[in-house]
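Here is a short briefing to read alongside the model. Have the sequence and the 3D view open, and let us walk through them together.

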Amino acid sequence: MYELLRANAEPLSRILTVECGKPLSEAVGEINYSASYFKWFAEEGRRTYGDVIPPPISHRRVLVLKSPIGVCGIITPWNFPMAMIARKVAPALVTGCSMVIKPAHATPLSALALAQIAEEAGVPQGVLNVVTTLKYVKDVGNELCENKMIRKLSFTGSTNMGMHLSKLCASTLKRMSLELGGNAPFIVFDDADVDSAVEGAMVSKFRNSGQTCVCANRFYIHRKVYDEFLSKFTDKVKKLKIGHGFHKGVHIGPLITDDALSKVEAHVKDAVQQVIFSFVHLISSSSSSLGAEVVTGGKRANVEGFEKGAFYQPTILTKTSSFCLLSKEETFGPVAPIFQFDNDEEVLQLANDTDAGLASYFYTKNAKRLFNVAEKLEYGMVGINTGLISSEVAPFGGVKYSGTGREGSKYGIDDYLDIKYKIEISF
Ligand code: ADP
């Protein structure tokens, strides 16, 4: 499957761009990233070792074996129509589980293409099944959660939906892997390499038009480097080209739906009109203005020839209140609210002040701070001096309301295995 995905990266990435809108270069990246999970898990499958445990009493042997958990239900979102499936399918296949995949109703085509690839690769019929639906999303979802034959549900999507599905799965006590929403802080300390922080901010914020669960959602910049960061970041953001994913040089495609566009608009409007200021902000702020200031962007974008497209301008906001929706919720759009901070304690408190706990990022050159901050951030993943954290070799996943379980790495394979222990008595 790895080889077939790589060999067909061009047509597969076109399908991907057509169905979710991301720029073609990002789509190619997603296909190669998806392929990497098949290669990595195919290798790791050789290492699903059992154990021989020394017995407490002589003449006994205690053996531990790993076996496939069984049929897996897989429900995936639209923001990575191929990769979110690949991350689940690869460990399921390699451990010997069959599966029923329900791709996002907005992006069913990559899932079907993957099923075709599986067939060509020789995966036996009936092992990898795809159910697409627009009309019966809820019914298919209920079946995957409540059918006794399915022993595990792996879901990537919103926290609310993850909680809902958890309740349904409780009726059959399924093992669950949940990759849910994030609200990633991106912190730049005063000793950071600002140019590299700006680079990291660009990839972390604007990939897939800001529609990834690990996208930086809140930027905390130390007062001493604030002006420099803001000016360099703004220069780069102003150069981003918005348009159709097939067009050359495009960095920002459309958002997935009109509803997604309305949500981003509502978040920006809420920030700009925010009048409830915290006392701390009011006292520490030199500005008398209430509400956020738009540095660049701030509105829908008009793209010639696509008047009805769900395009939003890459946006930077300053003087945003920590009470506004942008600070509290995942915006899932190309909007970067920038906050100022003065010390480590303050920024850690702000960064951790969320129910989400998926990705976080910070930039520093100070070794002591590097360990200290990484340990205190309440997140499943911490990117230090980088804006890109996802890889097949690393355990992707969150804490708190961002989910349970890990995808990728040796930890990811365990999610698809049951442990059976055998005790043997020899006479
Ligand atoms: P998003 O905001 O990314 O669309 P969702 O959590 O709504 O996040 O959707 C993620 C996945 O959950 C998609 O495959 C979607 O079709 C599916 N989904 C939506 N509603 C239900 C439901 N009631 N039961 C099961 N799956 C659902």
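Is Glu 179 buried or exposed? Glu 179 counts as buried because 28 C-beta neighbours lie inside 10 Å; a residue is called buried with 20 or more other C-beta atoms within 10 Å of its own, exposed with 12 or fewer, and partly exposed in between, with C-beta atoms placed from the backbone. Please keep in mind that this is a predicted model, in which local features need pLDDT of at least 70 and side-chain atom pairs count only at pLDDT 80 or more, while totals for chains, interfaces and linings use all residues. Residues are numbered from 1 along each chain as its sequence is written.

**The annotated site**
- An unreviewed UniProt entry places the feature "active site" at Glu 179; UniProt positions follow the numbering used here, feature names are shortened, and annotations may be inferred rather than shown by experiment.
- Glu 179 sits in strand S7 (residues 175-179), where helices (H or I, at least four residues) and strands (E, at least two) are DSSP runs numbered from the N terminus.
- Leaving out residues up to four places away in sequence, Glu 179 touches Thr 156, Cys 213, Gly 397, Gly 403 and Glu 407; a contact means C-beta atoms, placed from the backbone, within 7 Å.

**Domains and their contact**
- The chain is divided into domain 1 (1-179 + 413-423) and domain 2 (184-391), with bounds that come from an automatic or database domain assignment.
- The C-alpha centres of domain 1 and domain 2 lie 31 Å apart.
- Domain 1 gives 12 residues to the contact and domain 2 gives 13 residues.
- On the domain 1 side, helix H2 (9-20) and helix H3 (24-44) are the elements that give two or more residues, and H3 gives the most, with three residues.
- By class, that side of domain 1 has six nonpolar, three polar and three charged residues; Ala, Val, Leu, Ile, Met, Phe, Trp, Tyr, Cys and Pro count as nonpolar, Asp, Glu, Lys and Arg as charged, and the others, Gly among them, as polar.

**The nonpolar core**
- The largest nonpolar core has 112 residues, and those with the most contacts inside it are Phe 38, Met 82, Ile 85, Ile 187, Val 188 and Phe 219; such a core is a set of buried Ala, Val, Leu, Ile, Met, Phe, Trp, Tyr and Cys residues joined through C-beta atoms within 7 Å.
- Helix H4 (residues 83-95) provides the largest share of this core, nine residues.
- Domain 1 and domain 2 both give residues to this core, so it lies between them.
- Beyond its neighbours within four places in sequence, Val 188 is in contact with Ala 197, Ile 221, His 222, Val 225, Phe 229 and Tyr 363.

**The ligand shell**
- Residues surrounding the ligand include Ile 75, Thr 76, Lys 102, His 105, Val 137 and Met 161; a residue is near a molecule when its C-beta atom, placed from the backbone, lies within 6 Å of it.
- Helix H6 (residues 137-146) gives the largest share of this shell, three residues.
- The shell divides into five nonpolar, five polar and two charged residues.

**Loop residues with positive phi**
- His 59, in the loop between strand S1 (51-53) and strand S2 (60-68), has a phi near 65°, a positive value in a residue other than glycine.
- His 59 counts as exposed because it has 9 C-beta neighbours inside 10 Å.

Technical notes
Two residues are in contact if their C-beta atoms, placed from the backbone, lie within 7 Å.
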